[in-house]
Amino acid sequence: MAKVIATGEGSGSGWDRRSAAVGAMLILSFVVLTNVPAIPQPATSTPPSTLQETGLYADFAALQVDPAHLAFAPQYPLWSDGATKRRWVSLPPGTAIDGSDPEAWIFPLGTRFWKEFSFNGEKVETRYLERRADGQWLYAAYAWSSDGRDAQLVPAQGKRGAYKLAGGRSHTIPGVADCKACHQGAPSEVLGFGTLQLSPERDAGAPHAEVRPEPHVDLSYLVDKGLLVGLPKDLLDAPPRIVAATATERAALGYMHANCGHCHNERGSLQNIGLFLRHSVSTAGEPAIATTVGQPVKKPAPGQSPDAVLRVAPGHPERSGLMQRVSSRYSALQMPPLGTELIDDEAVRLLYRWIAEKGASSQQAHVNEEGE
C-alpha cells in the first residue's frame, strides 16, 4: 500500500526550479478587453515605491484604511501557509465591473486590489494589483517592517525569508513572474473576486472559511450599488453554488477551485493536460469530478508512488495521484507548485475524506444496481 507523501525536502534551490518550471508555462500574450466605460487613468509603468503611495490608507500613520475601499472575503480562500488575510477593492468613481461573462469579469481601468498577509498577528506583506490605462495589470508586493509601521516595494524577483515558518521553512514574497504564473492562467487575472467566490450562497464547510467583513460584499451588494453590470439575471435569482453529492464533496471541489483551478481549467495554458479543477457557473456538470475520479494519471511526477495510477481512485485516497501531490512539499511533486511551503493539513483531511466517501458511494451504487 502506498503512503501519502509528506516530505519536507526541496526548499532552497527547489523554489528556483518551481519558479522556472511554472514561469515557462506563462501565457505569453492575452487579449485585453476594455469595453467598460472608465475614467482615463495615467499609465503607471512602475509601481509606487511604498504601500502608502498606492492609496490604501486614508491615514497611514494610524493605519486607517480608506473607507471608500470595499473590504471583501472570498468563500473559498487560497491557502498561504496559514496566513491571515485582509482584502480590499477600489473602483474609479462612476465605473462598474462588466459581469456579462460570469467566468471572466472585465474590470474598469484604474481598478485596484490589495491583499494583506499576516502571520501570528504580524503584518508581513501586502500585494497590489492595478489595471493600468493600457488595459494590462500591474503587479507589486510590499514588505512590512518589523515594527509594522512601514511597507516598502519588494524587488520584481520577490523576497525570500520574509517570515519564519515551521520546520525551518519561511514565507517567500513572490516575484512578479510567480504572480503572473497563477493569475494569467485563469480566464480573468483577478482571482478570488468573481461570480462563485462572491455568491451569497456561501459554503459553510469551506476550508479556512473567513468571516465576511462589512459591508458583506457579494453579488447582490455589487449589483444593488451599481458596481457590477451585465451579470445574467438567473445568477441573482438562483445564486451560484457548487452542486455536489455531499457537503464534503462541495467543500473539496471548492478548495480545488480556489487552489488549483486558476491553472487547471478549460481556458488556460494547461488545458491540454485535461485536468479541469475550476468550477464553471455557466455550464452544467462538474469538470473537477469528470476529469479526476477514475481518470488515469497522464505522467507520474517524481516521487509519486507506482500504484497511484489514477488521479482519484474512489475509496483509496492513499493511492490517488491528486492526494499524493497535495500532501507533499517535495518540490518536484507538490501541488500547488508555488505560494506555499507548508502542507495544508485541513485540506488534506478534507480531500482524504472526500475520496474515501467516493468509494463508499460507488460501492452502494453497485449494490443498488445488482439488487434491481
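**Exercise 1. State how many residues line the largest cavity of this predicted model, and which of them lie nearest its centre.**

Solution. The lining of the largest cavity consists of 50 residues. Nearest the centre are K115, H183, V190, L191 and G192.

**Exercise 2. Sort the lining of the largest cavity by residue class.**

Solution. The nonpolar class has 29 residues.

**Exercise 3. Give the volume of the largest cavity and the number of cavities of 30 Å³ or more.**

Solution. The volume of the largest cavity is about 960 Å³. With the cut-off at 30 Å³ or more, the count is three cavities.

**Exercise 4. Describe the six-stranded open sheet: its order, its pairing and its edges.**

Solution. Read across the sheet, the order is β3-β4-β6-β7-β8-β9. The pairing is antiparallel. At the edges stand β3 (70-72) and β9 (151-153), each of which pairs on one side only. On average, neighbouring strands are turned by 25° against each other, direction ignored.

**Exercise 5. Over how many bridges do β8 and β9 pair, and which residue is the bridge partner of W144?**

Solution. β8 and β9 pair over three bridges, in the antiparallel sense. The partner of W144 is A151, in β9.

Notes:
Residues are numbered from 1 along each chain as its sequence is written. This is a predicted model: local features need pLDDT of at least 70, side-chain atom pairs count only at pLDDT 80 or more; totals for chains, interfaces and linings use all residues. Side-chain values use heavy atoms; hydrogens and water are left out. On a 1 Å grid over the protein atoms alone, a cavity is a set of points where a 1.4 Å probe fits but cannot get out, and a pocket is an open set with protein on both sides within 12 Å along at least five of seven lines; lining residues have an atom within 4 Å of a point. Grid points are joined across faces, edges and corners, and a volume is the space filled by probe spheres set on the points. Ala, Val, Leu, Ile, Met, Phe, Trp, Tyr, Cys and Pro count as nonpolar, Asp, Glu, Lys and Arg as charged, and the others, Gly among them, as polar. Two strands pair if DSSP finds at least two bridges between them. Helices (H or I, at least four residues) and strands (E, at least two) are DSSP runs, numbered from the N terminus. Axes are lines fitted to C-alpha atoms, for helices over the stretch in contact, and angles run from 0 to 180 degrees between N-to-C directions.
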